[in-house]
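Dear colleague,

Please find the structure below, together with a short account of what was found in it.

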Amino acid sequence: MSDVADSDHTPQATPPTARVAVLDNAGAPPTAGLWRPSRHFLAWITPTATLLVLLLGLPTARTVILSWTDNGRFVGLENYIRVLSDPQVRVALRNTLLWAVVVPLIVTCLGYALAVTTRARWGGRVITTVLVAPIALPMVAVGIAFRLLYHPDPAYGLAAWLAAPLSHLTGAGPDTALPMLWPWLGRWLGPWLGPRLITVAAITAFVWAWAGLAMLVFRYALHTIPPEIEDVARAEGATALGVLRTVHFPLLRRVAIVLFALAAAAASRTFELILVLAPGSVQDEAELLSLHVWRSYHQGPPGHAAALGVLWLMAVLAGVLLFRRAIHDPTRQPVLLPDTDQPQNWWRQRRTRVRVRRVILSVALLVFWCIPVALLVLTSLHNPVEQALHGWRAPLSLDSYREVLPVLTGPLLRTFLLAGAVMLIVVALSAPAAYALTWLGRPSRPWDLAVLLCALVLPIQVIADPLSEVLGVLRLSGTTGAVILTHVVLGIPVTTLILRSAFEARPPAHQVDLVRLRDSNWRALLTVVVPHARPAVIAAAALQFVQVWNDVVVSLLFDASQVTPIGITILGEARQFSTGAGTAAAGAVLASLPPLVVVITCWRSIVETIGAGVRRI
Amino acid sequence: MTPITRRDALRLSAAAALTPILVSCASSAPLVVTAAWSGSEADAFQQVLDDFTAHYGHRVEYISAGERIDALVRSRMRANRPPDIAILPSPGLLDRYRAHNWLHPLHTPPSHSPGDAWNALTSRGDQIFGVWVKATHKSLLWYRSERAAILPAQASSWRWDELVAWAADRARTGHPPLAIGAADGWVLTDWFENLLLSVEGGGEVYETLAAGDTTAWDSSPVQQTLLGLAELWSIEGVFPGGGRRALLTQNDEAVIQVFATQTADLIFEGDFVASVASAFHREGAEDGLRFLPFPRGDVASPPLVVGGDVAVLLRDSEPGQQLMSWLARPESFRPWLRRPGFLSPYPVNSDWYESPISRTLAQQLHSGERRLHFDLSDRLRGPLTGGDGAGLWRILQDFFAMVTSGDVAPRQAVDQVMRELARITAEEP
């Protein structure tokens with residue numbers, strides 16, 4: 001057992017170097033002597049594994065086979081060649097690459113910058129709430145908010161309204177997004193929702209939603225760096241940039257990689273954001289693989305969509321491999337820290353002297369981050385007809401809510417039940433699997449993590465058609481059961497990973513208990529493992545609920561109108577955006593409340609789980 | 001949040017999970033009908049179904065599928081539990097489903113017939129696979145009654161070049177003459193279809209294209225049509241805010257530009273413009289709405305493009321056949337005919353329409369003065385099938401962007417589109 005894990009350590013006694021080691025040197029905890037190989041291993045893991053094989057594995061294999069065939073005839077790589085010669089596909093590939101590389105880079109850098117600037121600033125709790133909240137919002141709602149922001153008419157769009165006086169001055173024309181640039185460049189770029197800037201507009205929406213989470217993670221990581229190290233660097237005359245280079249970069253590198261990977265996985269799957277934000281005429285310029293595979297399903301031969309899907313899948317798997325290589329470090333020694341060493345309330349900032357400049361900066365940040373939501377709420381507070389005619393300067397009224405409530409009550413209730421059911425089933429299936437993987441099987445099997453990671457990044461569009469076939473064989477296609485099952489298999493990998501990591505974390509105090517309870521798996525499970533993993537279970541369940549609540553893709557692909565979840569309903573309201581903006585905004589506001597409530601209710605558990613995750617990175 | 005205890009939530013979610021199982025166990029299932037209609041249209045259709053239930057005693061369950069109707073039918077077919085009847089928004093879907101052998105022919109031919117142009121799309125040999133339930137008139141130019149004075153006297157029978165000349169004059173005075181929702185690709189395909197029918201030889205090419213012969217895209221009428229569109233669309237100041245703004249304008253917003261904010265004079269689109277306009281213009285009703293026929297070209301009469309919704313039978317049963325026959329009777333739709341915004345594909349007693357606009361439009365559909373052509377883009381298959389950012393929609397939007405930008409000469413833009421059409425149609429196996 002490691003020395004550092006010695007339970008004699010109190011937080012005060014932990015040497016700073018050991019605390020740094022948490023960030024840079026914490027691998028899987030030592031497990032020798034604690035594993036309890038059990039004959040029941042298979043029994044614990046079978047239900048979950050069966051579901052994953054049947055509903056993810058089989059359809060993936062089927063997609064691969066489909067991509068080599070045309071009407072059942074083997075055609076080798078022909079489908080791939082045909083697909084790659086399509087200029088539309090090349091646009092989708094280019095954009096997806098952009099989303100997978102540039103967007104996570106922006107999210108990571110901005111997250112770091114925000115964490116550094118806000119960690120000792122005035123108004124900490126408010127800033128954290130406002131910046132982190134967008135991650136819980138449905139992307140449909142984010143899309144509506146940003147479509148309002150970027151609407152080309154100054155009466156509706158805030159960006160156009162702000163740019164209007166400038167464009168008068170520079171003569172760049174009324175519909176240019178960036179009139180302060182040289183007139184020709186501004187004119188060439190055109191409006192925000194035009195073909196040249198639509199991807200930029202969509203990226204800003206995504207970054208707005210994600211930067212807060214990155215900030216939160218970095219703030220935790222920064223907290224684990226002992227202030228002494230930074231003080232030394234500063235005493236030696238290092239500027240903020242110097243501190244970043246000499247202290248933060250080496251110590252936060254792994255955290256940054258994980259964040260990058262997380263944001264890349266999410267960004268490359270962007271789907272409904274583009275559907276809502278991009279007007280029909282620029283959908284082809286904003287095209288992503290996620291959309292193109294979905295669109296091409298029933299257009300061309302099935303082999304084409306399958307080939308495209310396989311290409312996408314291979315790119316994603318390559319990404320996973322790259323990530324594993326970047327994060328893998330054979331020299332790292334497993335280190336265990338007493339869990340009392342966890343910084344308390346780290347997400348609140350350190351209290352420091354209030355300075356006017358900092359207050360101004362904080363307020364500016366707050367206002368800036370509130371704009372999209374404020375616009376959404378303001379738009380929802382108008383009569384829909386008046387809103388369509390006069391934009392947000394129309395008189396306030398609750399008519400939009402009055403109009404949309406009868407339409408939304410059913411979907412809201414059904415989505416609530418759906419998300420709740422999926423949440424319970426996923427946790428019920430993932431917890432035994434995670435427990436078996438960490439405690440009952442043989443230690444150090446790298447494959448389970450690899451399989452879970454692959455299942456986690458598998459884009460649902462790639463396997464949609466074969467999955468429907470499997471669901472059809474089960475006589476479930478087009479039923480609520482199909483939607484629930486699809487959500488369940490998509491939720492199992494991430495939940496299992498979170499729980500696996502929580503079960504695996506064995507703080508020294510618990511290890512003593514575990515050695516004592518060596519003879520009884522059940523008692524060990526119930527008295528030590530489960531109570532310790534409670535925050536992770538709550539966080540994983542909350543994440544799952546929010547995930548299903550905010551979903552559009554699965555419902556669009558598998559729902560046959562028995563559920564019609566809230567995301568789909570709002571997508572329909574926003575279809576004719578100018579006339580539907582009022583009701584769509586009201587719907588978006590209503591649909592955003594439950595996930596926000598869930599995240600706020602489970603805030604402590606979520607934060608603890610994130611903290612535990614960062615410590616293990 | 002709703003005050004639901006954890007135990008309640010558990011019970012409810014268990015019930016939700018069990019619902020499909022319970023439903024599939026129920027024996028005397030009602031007929032299931034699905035269509036894209038929602039809101040007030042769904043209410044009106046429900047009345048039609050209620051009358052059927054009152055008459056025959058079979059219960060009917062209606063599912064509003066919105067734009068996902070194709071996905072719904074597919075996924076349910078896969079589990080071998082299709083809805084009994086689906087009402088499809090385009091005959092292209094009917095073709096595809098028939099190719100899959102999903103459709104059942106009618107046992108007895110329907111009592112009424114909307115006409116040969118319609119019947120040709122629903123029958124194969126002597127079998128009839130669909131029943132038309134709703135029609136859309138897509139060859140109209142709408143304006144406010146106050147704007148009548150600025151239109152030329154011969155506007156009710158004007159030719160394409162007269163429209164172009166008038167638009168150029170009007171645009172020169174600083175008043176944009178036309179509103180267009182170019183963000184919706186179907187608006188542009190409707191322009192293309194109407195003008196194609198107005199050019200010399202366009203009618204034949206139109207039907208050849210609709211029949212699936214893609215070589216006809218490379219023809220002089222198609223080129224003439226694109227040139228004509230370029231001529232009108234490239235006029236400086238023809239659309240409020242310019243072409244780039246028009247590409248971000250959806251059809252509903254374009255209607256508002258004509259009938260509420262009055263930033264444009266005319267809007268071309270189908271009969272459904274009336275229902276959007278009446279919600280937004282001051283009078284709050286159909287008064288004040290006027291319309292003109294789409295201009296004729298080299299041919300004698302103006303074009304008439306129609307769209308429609310067609311009911312198909314996905315599960316054969318006696319009640320299902322009865323409901324199909326019920327939907328084929330124009331009388332069944334009388335509750336809906338009373339409301340504005342519904343046109344019957346069948347010639348019916350004009351007193352059944354309460355809206356004067358509907359009455360006139362229905363008369364135009366059935367008078368036989370103009371040869372009726374069914375919407376082309378709804379009949380296209382393969383890579384030209386429309387959709388946001390796809391098929392003919394995308395091609396015409398790119399064309400619109402080119403000709404309105406002023407950077408590309410109309411003829412060059414037309415050549416580019418002709419090449420793109422040739423490339424895409426060559427892909428087809």
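Chain B holds an open sheet of four strands in the order β8-β9-β7-β10, with mixed pairing. Strands here are DSSP runs of E with at least two residues, helices are runs of H or I with at least four, and both are numbered from the N terminus; two strands pair if DSSP finds at least two bridges between them. Because β8 (178-179) and β10 (289-293) of chain B stand at the edges with a single partner strand each, one side of each is left without a neighbour in the sheet. Strands β7 (residues 140-144) and β9 (residues 266-269) of chain B pair in the antiparallel sense over three bridges, and B:W142 has B:I267 in β9(B) as its bridge partner.

This is a predicted model: local features need pLDDT of at least 70 and side-chain atom pairs count only at pLDDT 80 or more, while totals for chains, interfaces and linings use all residues. Residues are numbered from 1 along each chain as its sequence is written, and chains are lettered from A and ligands numbered from 1 in the order in which they are written.

Between the chains, 46 residues of chain B are in contact with 47 residues of chain A (C-beta atoms, placed from the backbone, within 7 Å). On the chain B side, the largest share, seven residues, comes from α1(B).

Chain B is divided into domain 1 (29-137 + 306-368) and domain 2 (140-302 + 381-427), with bounds from an automatic or database domain assignment. Their centres, taken over C-alpha atoms, are separated by 29 Å. Each of the two domains gives ten residues to the contact.

Yours sincerely
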